[in-house]
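This briefing covers a single protein chain, taken topic by topic. Please keep the sequence and the model in view while reading.

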Amino acid sequence: MNSQLTGILQIAIPVADVARAIAFYRDALELKFLFEAPNMAFFECGDIRLYLSGEGAGHASASPYIYFRTADLSGTLANLKQRKVVIHQEPHLIARMPDHDLWLMWIKDSEGNLLGIMEERKP
């Protein structure tokens, strides 16, 4: 059975100073700024969202996170459990956007790296 992953939705980059990072990605790289929340900011980068995470300074993991896209988070969860994939965090609602609800679950790869799987669910 297919895991129904259809591409990468979002990549997170840990940063020590969110304001400084916003200025760089917005002004130096000219990425389209989407929105900001406490200790984080989001940019449009083609079909992939760039997430600046303010956990960079002293954070245990200083590598980007990959967020995969799926159209059916529940089905994907069932498939991954069947394959004995370690589920780090069950699917949960992250944000209510104007045209969809954003859902996220976390799994671990074979090396213990966290991978996010997201669904942009229409209400």
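This is a predicted model: local features need pLDDT of at least 70, side-chain atom pairs count only at pLDDT 80 or more; totals for chains, interfaces and linings use all residues.

S53 counts as buried because its relative accessibility is 4%, under the 20% cut-off. This serine is found in strand β4.

**S53 and its contacts**

- Beyond the neighbours within four places in sequence, S53 is in contact with I13, P14, V15 and N39.
- I13 and P14 fall within the residue range of β1 (5-14), and both are among the contacts of S53.
- N39, another of these contacts, lies in the loop between β2 and β3.

- N39 is not a glycine, yet its phi is positive, at about 65 degrees.
- N39 counts as partly exposed because its relative accessibility is 48%, which falls between the limits of 20% and 50%.
- K84 is also not a glycine and has a positive phi of about 65 degrees.
- K84 counts as exposed because its relative accessible area is 72%, over the 50% limit.

**Helix α2**

- Helix α2 covers residues 73-82, and its buried residues are L73, G75, T76, L77, N79 and L80.
- L73, L77 and L80 are among the buried residues of the helix.

**The largest pocket**

- The largest pocket holds about 210 Å³ of space.
- Its lining is made up of 15 residues, and those closest to the centre of the pocket are Q10, F42, I94, L102 and M118.
- Two or more lining residues come from each of β2 (32-37), β3 (40-45), β4 (48-53), β6 (87-96) and β7 (101-108).
- Strand β7 gives the largest share of the lining, with three residues.
- Sorted by class, the lining of this pocket has 13 nonpolar residues, one polar residue and one charged residue.

**The whole chain**

- The protein contains two helices and eight strands.
- Along the sequence, these elements are arranged in the pattern β-α-β-β-β-β-α-β-β-β.
- The protein is as compact as a globular protein of its length, because its radius of gyration of 15 Å is close to the 14 Å that the globule rule gives for 123 residues.
- The C-alpha trace spans about 45 × 35 × 20 Å along its principal axes.
- Buried residues make up 33% of the 123 residues.
- Of the contacts between residues at least 6 apart in sequence, 51% join residues at least 24 apart.
- The accessible surface of the protein is about 7300 Å², and carbon and sulfur atoms account for 55% of that surface.

Terms used. Residues are numbered from 1 along each chain as its sequence is written. Side-chain values use heavy atoms; hydrogens and water are left out. On a 1 Å grid over the protein atoms alone, a cavity is a set of points where a 1.4 Å probe fits but cannot get out, and a pocket is an open set with protein on both sides within 12 Å along at least five of seven lines; lining residues have an atom within 4 Å of a point. Grid points are joined across faces, edges and corners, and a volume is the space filled by probe spheres set on the points. Helices (H or I, at least four residues) and strands (E, at least two) are DSSP runs, numbered from the N terminus. Ala, Val, Leu, Ile, Met, Phe, Trp, Tyr, Cys and Pro count as nonpolar, Asp, Glu, Lys and Arg as charged, and the others, Gly among them, as polar. Buried means under 20% relative accessible area, exposed over 50%, partly exposed in between (1.4 Å probe, protein chains only). Contact means heavy atoms within 4.5 Å. The radius of gyration is taken over C-alpha atoms; the globule rule is 2.2 Å times the number of residues to the power 0.38. Accessible areas come from the Shrake-Rupley method with a 1.4 Å probe; for residues, only the protein chains shown count as cover.
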